[in-house]
Amino acid sequence: MENKQNVWKNALNWGLIVGVVLIIYSVLMYFLDVNLEEWVKWIAFIILLAGIVYSTIQYRDNVLGGSITYTQALGFGVVISLYAAVISAVYSYLEMTIIDPDLIGKMIAIEEEKMLSQGIPDNQIEQSMEIIKMIMKPGILTLIYIPVLTFIGFVFSLITSIFLKKEGVSETFDDVE
């Protein structure tokens, strides 16, 4: 049985790496002034997915000796996602409060423009904007960000663990006897 501390330590190391890669990506998108574009978040999800897959393969092959169960792969991917989410959330908070304090105002304006382009009546837009302005605060967005990114990592891990699991050779032959 693997050491539980080993799991958390390895997941922390990989979560830090994935989180830092997400931050570098966010900084790059910020400097390119495309950080509020819709496609940017989809690339971030691909980075998270790639990080989960790569780190789980590395964990399986280099720490667990080439075999990992579905449950181990799923858990490892979720913990990586949690650590990456916390690190990314800290950066997002700093971005919204220090780096670009006008970022939330820009996000609110984009949401309002989307509603206007959809032909939503003005009174409904006003009501929606009041709610959006209550939610769009750095602390609230940061607290929402962590469980949302962790959940997305959970969904990715549910799927990728199917393909990444690799039972040990001895376990496979034990069933035959």
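A polar contact is taken here as a pair of N or O atoms within 3.5 Å, one able to donate a hydrogen and the other to accept it. In the predicted model, a polar atom of the tyrosine 25 side chain lies 2.8 Å from the backbone oxygen of valine 40. Tyrosine 25 belongs to helix α1, which spans residues 4-31. With a relative accessible area of 10%, tyrosine 25 falls under the 20% limit and is therefore classed as buried. Apart from neighbours within four places in sequence, the residues in contact with tyrosine 25 are Trp39, Val40, Ile43, Ala44 and Ile47. Between the C-alpha atoms of tyrosine 25 and proline 121 the separation is 37 Å, the two residues being 96 apart along the chain.

Two residues of helix α3 were also examined. Glutamate 95, located in helix α3, is buried but forms no salt bridge. The nearest side chain of opposite charge to glutamate 95 is that of lysine 106, at 8.5 Å, whereas a salt bridge requires a side-chain nitrogen within 4 Å of a carboxyl oxygen. When residues up to four places away in sequence are not counted, glutamate 95 touches Tyr30, Asn35, Asp100, Pro101 and Leu103.

Leucine 94 is likewise placed in helix α3, which covers residues 70-99. The relative accessible area of leucine 94 is 35%; this value lies between the 20% and 50% limits, so leucine 94 is partly exposed. Leucine 94 contributes to a nonpolar surface patch of about 580 Å², made together with Leu82, Val86, Val90, Tyr93, Ile98 and Ile99.

Conventions
Residues numbered from 1 in each chain as written. Predicted model: local features only at pLDDT ≥ 70, side-chain atom pairs only at ≥ 80, totals over all residues. Heavy atoms only, no water. Patch = residues over 30% accessible without salt bridge, like charges linked within 9 Å, V, L, I, M, F, W, Y side chains within 5 Å. Areas by Shrake-Rupley, 256 points an atom, 1.4 Å probe, with all protein chains shown as cover. Helix = DSSP H or I, 4+ residues; strand = E, 2+ residues; numbered from the N terminus. Buried < 20%, exposed > 50% of the residue type's maximum accessible area, 1.4 Å probe, protein only. Contact = heavy atoms within 4.5 Å. Lys, Arg positive; Asp, Glu negative; His and termini not counted.
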